[in-house]
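Me: Got a model open here and I'd like to talk through some contacts. Can you take a look with me?

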Amino acid sequence: MRKKIINTLIAASIAGLGLFGYFMYQKHGKIIPFVEQLSKNQVGDLADIQPKSQKDAIYVGSQKCKKCHDDQFDQWSHSYHTKMIQDVKKDPLSIVGDFATLPPEASFKKEDIVYTIGSKFKQRYMMTQEINGTQDFIVGNYQWNTQVKKWQPYSVTKDWYHDGFDENNSKVGTSKTCDGCHFTGVMSQDTRTEPSVSCEACHGPGSKHAEKPKENEVYKASNADPKRATEVCLQCHMRNRDKRLEATDMHSLFGDVRDYPMGYEPGKPLNVYKTKAPFDGNDTDEFYANGVGKKNRTQGNEFVKSMMYKHGITCINCHNPHQLDNTVEKPLGDASCMKCHSFGSPIGPHQSSIEAHTHHKTDSKGSSCIECHMPKIGKHLPSSPATVRTHIFGFITPAETKKYKVPNACTNCHQDKSLDWADKSLSKWGMSQWTK
Ligand code: HEC
Ligand code: HEC
Ligand code: HEC
Ligand code: HEC
Ligand code: HEC
Ligand code: HEC
Ligand code: HEC
Ligand code: HEC
């Protein structure tokens, strides 16, 4: 009799456990694949986890990798990472500016251009120039704004450290200001191994691996803990300051100050090589007073403040690092959020359906995750339309717009409505505050 009771109890608890398990799976199922990532061995901010075989390796270029990694090469070759710096001799069509309308004050002619910088939002132009006895490049004093199709003046010092370089672009070498992030090999070894963001910018120098792959590893960011994994992207996608400025002043670094983390290689601890752009809760050229970015290339500064980053989510959970999807041209939509999120799940949204969460119809633009949680907050140039989406992954309230002048999702879309109207609607929905 007693045995029977025990057996029944055991059976009931197994069933209970099963039910509980099923319930947990329903609630947490989508996030389970990421738990391993969330709990990955935390190595800390200062450990050097670059594979030993890369310590004395050099950069060799993507053609070497293509031989054995055709798939990754193919995906990467269609991405904008390969378009950043283009050789105009190899591809004259890479020039997108309209040279028939180039203002006469321009310091350069079409024939002088060696490389183009960028193309999607704006394009700048590189010409060869000797600076302090070494062969370098300079950037022209006019840039093409691709979004509004106009030439606009470009000054490196206005864009950059205001007191770190000569005001005349022709005296400022790109080796100090741009090439660390736009060429592969410059950041740590000061060689322009390859234009643009190539394999080794994220995997580190590959000479030894390319010769004997089995014996010599290269760094793969997803093998590390999430914070360290994100660093390969943050080396470029973040507004930084020269680490040396912690110990010395701008005057002594005049003409040599860097905005890129000089010396960094994937796997090395990024924070040793740079300081992030300062933010003390006040409005700056780069950030609104609530920490949201004003400009392009603030993805990293914003993302490290987000709850998702704190919970172990990385850039590559949303962007395939080779293809670079989740862009306007290669959108992934709500599905890329619903990989982890689901309605009524502990990580949110807490409501039981999309309409209950967004208060818009399911197929409305007002129900798109990124429209509300990644509103367009920044511009590429002052005269460009706002196209830069925030990576802070919270919700910017209309009240914050009143206080900080930062754009918010509701009136970005409902342009004919007032901030009070948006605030009232949110109150009615019981969502007027972003509670963390
Ligand atoms: C001769 C062929 C060959 C060449 C050339 C080559 N690789 Fe590899 N690569 C391999 C093989 C084989 C493996 C799998 C190694 C293993 O399993 O031990 C690999 C693995 C990798 C990995 C995965 C590492 C991991 O931890 O999972 C990356 C990343 C990589 N290679 C990048 C590169 C890059 C970048 C280059 C160019 C600099 C390159 N490879 C050149 C053959 C090659
Ligand atoms: C923008 C950074 C970046 C660039 C550029 C890049 N990779 Fe990767 N690569 C990564 C990351 C991050 C991973 C890990 C992906 C994962 O685990 O989901 C990876 C993974 C790999 C792997 C392991 C298999 C896989 O696909 O996960 C190979 C092999 C590889 N990369 C080769 C290359 C080659 C060859 C190139 C150049 C043609 C290249 N990568 C360019 C960041 C990059
Ligand atoms: C060495 C510098 C560098 C590194 C490392 C780097 N990026 Fe980029 N990334 C750039 C530059 C420069 C552009 C702009 C390219 C252009 O517009 O031609 C860019 C563009 C992008 C874009 C927009 C692509 C598009 O189609 O418009 C995405 C998304 C992106 N990067 C994600 C990543 C992720 C994720 C990582 C890390 C795995 C990463 N990047 C690592 C420099 C870098
Ligand atoms: C710390 C790394 C870094 C440095 C240094 C840097 N850039 Fe960039 N740049 C990026 C990244 C990352 C992007 C793309 C992401 C974005 O714009 O949000 C970008 C985007 C651009 C674009 C727009 C690309 C397009 O397709 O529209 C241009 C033009 C550009 N940079 C020019 C420059 C010039 C000129 C310099 C030097 C005076 C410079 N950058 C220095 C990282 C850097
Ligand atoms: C939770 C998902 C998610 C994470 C995490 C994330 N992104 Fe994004 N990212 C997006 C989406 C969605 C867009 C906008 C796509 C659109 O405009 O349609 C975007 C846009 C971008 C763009 C601009 C693309 C363009 O159209 O020019 C860059 C660059 C970028 N992300 C880089 C990064 C970097 C670097 C990280 C890590 C620091 C990161 N992202 C983390 C989802 C994410
Ligand atoms: C790889 C998994 C993953 C993906 C993909 C993902 N998220 Fe998240 N998200 C999380 C986790 C984990 C949290 C933290 C939940 C918590 O607060 O406990 C989170 C939190 C959030 C929050 C709440 C932030 C806060 O401050 O409380 C928002 C908003 C959010 N995500 C929006 C998005 C959007 C929009 C997308 C798609 C562009 C997305 N997420 C894609 C895992 C993910
Ligand atoms: C119409 C705007 C809007 C849209 C569209 C929207 N959200 Fe939200 N979301 C909010 C607001 C406002 C909050 C803050 C709720 C609060 O504080 O009560 C929020 C909160 C969240 C949170 C935090 C947890 C919670 O429930 O409070 C997550 C996670 C989230 N949203 C994810 C998503 C995802 C995923 C999508 C796409 C399916 C999405 N949201 C679409 C406005 C929106
Ligand atoms: C990307 C566009 C978009 C965003 C972002 C957006 N909406 Fe809407 N909204 C719409 C559209 C389209 C409709 C028309 C009805 C529908 O599709 O549900 C609408 C309808 C409404 C309505 C009912 C009709 C009316 O005009 O009175 C209210 C109220 C509303 N939105 C408030 C908000 C608030 C508050 C926010 C910010 C949390 C917001 N919306 C964000 C596109 C948007």
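Me: What does glutamate 265 form a salt bridge with?
Reply: Lysine 268, with the closest N and O atoms 3.9 Å apart. A salt bridge here is a side-chain nitrogen of Lys or Arg within 4 Å of a carboxyl oxygen of Asp or Glu. Keep in mind that this is a predicted model, where local features need pLDDT of at least 70, side-chain atom pairs count only at pLDDT 80 or more, and totals for chains, interfaces and linings use all residues. Side-chain values use heavy atoms, with hydrogens and water left out, residues are numbered from 1 along each chain as its sequence is written, and chains are lettered from A and ligands numbered from 1 in the order in which they are written.

Me: Is glutamate 265 buried or exposed?
Reply: Buried, at 6% relative accessibility. Lysine 268 counts as buried too, at 17%. The cut-offs are under 20% relative accessible area for buried, over 50% for exposed and partly exposed in between (1.4 Å probe, protein chains only).

Me: And how many salt bridges in the whole structure?
Reply: A search turns up 20. Among them, aspartate 48 and lysine 55 meet at 2.7 Å, N to O. Aspartate 48 is partly exposed at 40%, and lysine 55 is partly exposed at 43%.

Me: What about arginine 192, what's its partner?
Reply: Aspartate 179, with the closest N and O atoms 2.8 Å apart. Arginine 192 sits in the loop between helix H8 (186-189) and strand E8 (194-195) and aspartate 179 in helix H7 (residues 179-182), so the pair ties together parts that are 13 residues apart in sequence. Helices (H or I, at least four residues) and strands (E, at least two) are DSSP runs, numbered from the N terminus. Arginine 192 is partly exposed at 33%, while aspartate 179 is buried at 1%.

Me: Which residues are linked in a network of salt bridges?
Reply: Lys176, Asp242, Arg244, Asp256 and Arg258.

Me: Switching topic: which residues come nearest to ligand 5?
Reply: Cys315, Cys318, His319, Asn326 and His391, out of 20 residues around ligand 5. To count as near, a residue needs a heavy atom within 4 Å.

Me: Which helices supply at least two residues each to that shell?
Reply: Helix H11 (226-234) and helix H12 (299-303).
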